[in-house]
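Here is a walk through one protein model, from the whole chain down to single residues. Have a look at the fold before reading on.

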Amino acid sequence: MKKYFSALVVLAAVVGVAVSLRSPRNPGEFDVVAFSRLPTLVNGRVKPLDTVARTSLLMLQGRQRVTTADGASLTPAEWLLDMLYRPATANDYQVFEIVHPDVLALLNLSAEDGAGKKRFSIHQFAKNLGELDRQAKLADDAENAARTPFQSAVIQLRDGVILYQRLQNSLVDASGDDFLGQLAKLEQTLPAALQALWAQRAGQPHDPAGPAFLLEISKTLTSIESFSYLRPIPPAKVDSVDWQTAGTAWSEAIASGKIPAAAHAYAALGRAWHDRDAITFNEAVRSFRRSLDEQMPATMRKCDVEARFGSAEPFYTAMMLYVLAFLLAVFSWLKWPDALGGAAFGLVAVAFVVATAGILTRMWLEARPPVTNLYSSALFVGWGAVALCLVLEYFYRNAIGSVAAGLIGFATLLIAHHLALGGDTMEMMRAVLDSNFWLGTHVVTITVGYAATFLAGFLALIYIVRGALTSSLDKPTADTLVRMIYGIVCFATLFSFAGTVLGGIWADQSWGRFWGWDPKENGALIIVVWNAIILHARWGGLVRQRGLAVLAVFGNIVTAWSWFGVNMLGVGLHSYGFTQAAFWWLTVFVASQLAVIAIAAAPLAKWRSFRATAA
């Protein structure tokens, strides 16, 4: 059993990954998969409707799954179809996460009324939207750092409601009774209604019903045009970015008498979905898809890949593999070191390949280097650290690299998941960052420095925890760990220094000065200085093994501050990744590192008492 255990575990992981990469299947008779791959322009980026549905759900409720009142499960595409074409039905879906007790009280809600005691439908608090808006406007006047948790929760919910309403009014008038029927009438009577309108303007006899109908529907279309979240109508020219809202397309159709094929297709899809006519829906979506394939094949190919990427969720798969690898590696220190250690190493390798494929896919979709924003930096920090762990484990075969890889890989992907709750993670680049050369040199180099510094710190955590709480830290293991920490610190110093210098050159080209003591620049410098302090303290004999470990753990705090902390200051030219919610998690992380340092600083006699207590 032990002989084949590693191979069986790795084989099972590979099979699980292969299953996750299968093309998604339609949950019923409707071809919602084909619908989910249709393109739209949102916030300056063309993306499939699948991405719109998934990111919207993450922003509203922190997950992509929707459960109806009768317990049925909807895919993101099915939820989006109901949002767009059956808004009254969608309003009963509990997709708003509300957990703050004061916000619940403001909306006259009880936790017991929500799904999972925290998710509610807009129908449950629609009567109190006015009070929510009033409280959010009051909170808008406060600075981000000065807002109370209640104010932050109110603003987040208000913004979620606005997103929800804009999404619902992208293709139809969500407040109307039969807007799809009105569009069908418009398609049938447009030529005659336009003739009557022209006759009215010329003072000739005409049927007054036609101009009156056009005036009435034009007002509704103007509202859709101004409030729409989506721009689903593609431009006539492939290279153009002039995508239109449905309201604009129909308004121009009234003016010209010619209805765009895309507007007609979305109206036909809507009527079929609303009437639950699967045959007509499937014919309409496939016909529309064929026309788009002919018009913009490159765009459709990217939408197909992005939709498959979203459904496969490679980073979630990698996260689960990292957890399993961590557990197997830890248990290998207790029993079956070769079998469990080998299985852990194999799982880390599989997870690394999956994460690599995910990062490469994002690079292809964005046509950018791997790090473009805070989300992608979390992915790349974990990826870089795991790559170094694989090298360490390949040479030392003591499961230490696998433990560190599992811990860092899971932690960074978890951070990335929470960062994804803010919206599209492949957003358009800010002007100052719009340089593939510097994104591929400075940003990648400095991020590798982050990854290496974190790895040194986590190896030091393993040294301290094993030394204080277990009896497994014998002298050979301790010597090996110290060599690992020292080597990674050297690596981190080189990349942190090179990345900081490259950043200065980029700053000189962008802002006309090499160094301006900006908070982010200071954070990068602190990492370089701290790594240099570690090396000099070691070379000068100021610290030995435990001292080196303590300094490396404090490097976690320094790196976390440079990575996240300086963004929370809200000042400087680099504060592009602000996230208020991260403040408390950063505080908890710093406190945990200080606690580990306190344990490491205890006398050796205390370490023995710790081990006795743990035993």
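R397 sits in the loop between α18 (374-396) and α19 (400-419).

**Ground rules**

This is a predicted model, where local features need pLDDT of at least 70 and side-chain atom pairs count only at pLDDT 80 or more, while totals for chains, interfaces and linings use all residues. Residues are numbered from 1 along each chain as its sequence is written, and side-chain values use heavy atoms, with hydrogens and water left out.

**The whole chain**

The protein chain carries 25 helices and six strands. Helices (H or I, at least four residues) and strands (E, at least two) are DSSP runs, numbered from the N terminus. Taken along the principal axes, the C-alpha atoms fill a box of roughly 105 × 60 × 50 Å.

Of the 615 residues in the protein chain, 51% are buried. Here buried means under 20% relative accessible area, exposed over 50%, and partly exposed in between (1.4 Å probe, protein chains only). The chain exposes about 28400 Å², with 61% of that supplied by carbon and sulfur atoms; the areas come from the Shrake-Rupley method with a 1.4 Å probe, and for residues only the protein chains shown count as cover.

How about contacts, meaning heavy atoms within 4.5 Å? Among those between residues at least 6 apart in sequence, 72% join residues at least 24 apart.

As for charge, the chain has 50 positive and 46 negative charges, and their mean positions are 12 Å apart. Lys and Arg count as positive and Asp and Glu as negative, with His and the chain ends not counted. Each charge is placed at NZ of Lys, CZ of Arg, CG of Asp or CD of Glu.

The expected span is 1.5 Å times one less than the number of residues. α3 is mostly covered, with 12 of its 13 residues buried; among them are L49, D50, R54 and Q61. Just after α3, G62 takes a positive phi of about 80 degrees.

Helix α9 (residues 149-168) passes the check too: its 20 residues should span 28 Å, and the end C-alpha atoms are 29 Å apart, which agrees. Its buried residues include V154, R158, Y164 and Q168.

**Back to the α18-α19 loop**

Most residues other than glycine have a negative phi. R397, though not a glycine, has a positive phi of about 50 degrees. A399 lies in the loop between α18 and α19, and its phi, near 70 degrees, is also a positive value in a residue other than glycine. A399 is buried, with a relative accessible area of 4%.

**Salt bridges**

The structure holds 17 salt bridges, each being a side-chain nitrogen of Lys or Arg within 4 Å of a carboxyl oxygen of Asp or Glu.

| Pair | Closest N and O atoms |
|---|---|
| D424 and R45 | 2.9 Å |
| R271 and E187 | 3.0 Å |
| E366 and R362 | 3.8 Å |

D424 forms a salt bridge with R45. That pair links distant parts of the chain, 379 residues apart: D424 is in the loop between α19 and α20 (436-469), and R45 is in strand β2 (residues 45-48). At 11% relative accessibility, R45 counts as buried.

R271 forms a salt bridge with E187. This pair also links distant parts of the chain, 84 residues apart, with R271 in helix α13 and E187 in helix α10 (residues 179-201). R271 counts as partly exposed, at 21% relative accessibility.

What separates E366 and R362 along helix α17 (residues 337-366)? They are four residues apart there, so the separation is about one helical turn. R362 is buried at a relative accessible area of 3%, and E366 is buried at 15%. Elsewhere, salt bridges that share partners join R45, K47, E306 and D424 into one network.

**One alanine in α13**

A263 is found in helix α13 (residues 261-274) and is buried, with a relative accessible area of 3%. Leaving aside neighbours within four places in sequence, A263 is in contact with I233, A249 and W250.

Notes
Contact = heavy atoms within 4.5 Å.
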